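Reader: Please show the protein, and then let us work through selected residues and the overall fold by question and answer.

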Amino acid sequence: MNIYIGNMSFDTTEEQLRQAFEAYGDVSTVNIIGDRDTGKPRGFAFVEMGSRDEAVAAINGLNGQELNGRELNVNEAKPRNEGGNR
């Protein structure tokens, strides 16, 4: 299951996210989203967990918790619409 993490500090690293989520189960991937022009973090990321139960536990355990001075918004990632409206 893919999890969206918002309101992240720009200083948060993939390793810090991995450690936070591994407390709830197996972490498959961690992907901090960066600006395509500058490469700087945009303040959100996606984490994929090994099972739905682990992901739900991580969402319930980490949503609203502070990491690097910011209160995280953690919820199930919504499927991305193809094509966009740009």
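Author: T12 is placed in the loop that runs between β1 (2-6) and α1 (14-22). The model is a predicted one.

Reader: Is T12 buried or exposed, and what is its relative accessible area?

Author: The cut-off for a buried residue is a relative accessible area under 20%. T12 falls below that cut-off and is therefore buried, its relative accessible area being 6%.

Reader: Which residue has a side chain joined to that of T12 by a polar contact?

Author: Leaving aside neighbours within four places in sequence, T12 is in contact with L17, I32, L67 and N68. A polar contact of 3.0 Å links the side chain of T12 to that of N68.

Reader: Where does N68 lie, and what is its relative accessible area?

Author: N68 belongs to the loop between β4 (66-67) and β5 (70-71). Its phi is near 55°, a positive value in a residue other than glycine.

Reader: With which residues is S9 in contact, leaving aside its neighbours within four places in sequence?

Author: S9 is located in the loop between β1 and α1. It is buried, with a relative accessible area of 9%. Leaving aside neighbours within four places in sequence, the residues in contact with S9 are L67, N68 and R70.

Reader: How far does the backbone nitrogen of D11 lie from a polar atom of the side chain of S9?

Author: The side chain in question belongs to S9, a buried residue. From a polar atom of that side chain to the backbone nitrogen of D11, the distance is 3.1 Å.

Reader: What separates the C-alpha atoms of I33 and A45?

Author: I33 is part of strand β2 (residues 27-34) and counts as buried at 17% relative accessibility. Not counting residues up to four places away in sequence, I33 touches K40, P41, R42, F44, A45 and F46. I33 and A45 are twelve residues apart along the chain, and their C-alpha atoms are separated by 5.4 Å.

Reader: In what order do the elements of the protein run from the N terminus?

Author: The secondary structure comprises two helices and six strands. From the N terminus on, the order of these elements is β-α-β-β-α-β-β-β.

Reader: What is the radius of gyration of the protein, and why is it as compact as a globular protein of that length?

Author: For 86 residues the globule rule gives 12 Å. The protein comes close to this value and is therefore as compact as a globular protein of that length, with a radius of gyration of 13 Å.

Reader: What percentage of the residues in the protein is buried?

Author: The C-alpha trace spans about 35 × 30 × 20 Å along its principal axes, and the protein exposes about 5800 Å², of which carbon and sulfur atoms supply 40%. Of the 86 residues, the buried ones make up 31%.

Reader: How far apart lie the centres of the positive and negative side chains?

Author: The protein carries 9 positive and 14 negative side chains. The centres of these two sets are separated by 9 Å.

Terms used
Residues are numbered from 1 along each chain as its sequence is written. This is a predicted model: local features need pLDDT of at least 70, side-chain atom pairs count only at pLDDT 80 or more; totals for chains, interfaces and linings use all residues. Side-chain values use heavy atoms; hydrogens and water are left out. Helices (H or I, at least four residues) and strands (E, at least two) are DSSP runs, numbered from the N terminus. Buried means under 20% relative accessible area, exposed over 50%, partly exposed in between (1.4 Å probe, protein chains only). A polar contact is a pair of N or O atoms within 3.5 Å; within protein, one must be able to donate a hydrogen and the other to accept it, and residues adjacent in sequence count only if both atoms are side-chain atoms. Contact means heavy atoms within 4.5 Å. The radius of gyration is taken over C-alpha atoms; the globule rule is 2.2 Å times the number of residues to the power 0.38. Accessible areas come from the Shrake-Rupley method with a 1.4 Å probe; for residues, only the protein chains shown count as cover. Lys and Arg count as positive and Asp and Glu as negative; His and the chain ends are not counted. The place of a charge is taken as NZ of Lys, CZ of Arg, CG of Asp or CD of Glu.
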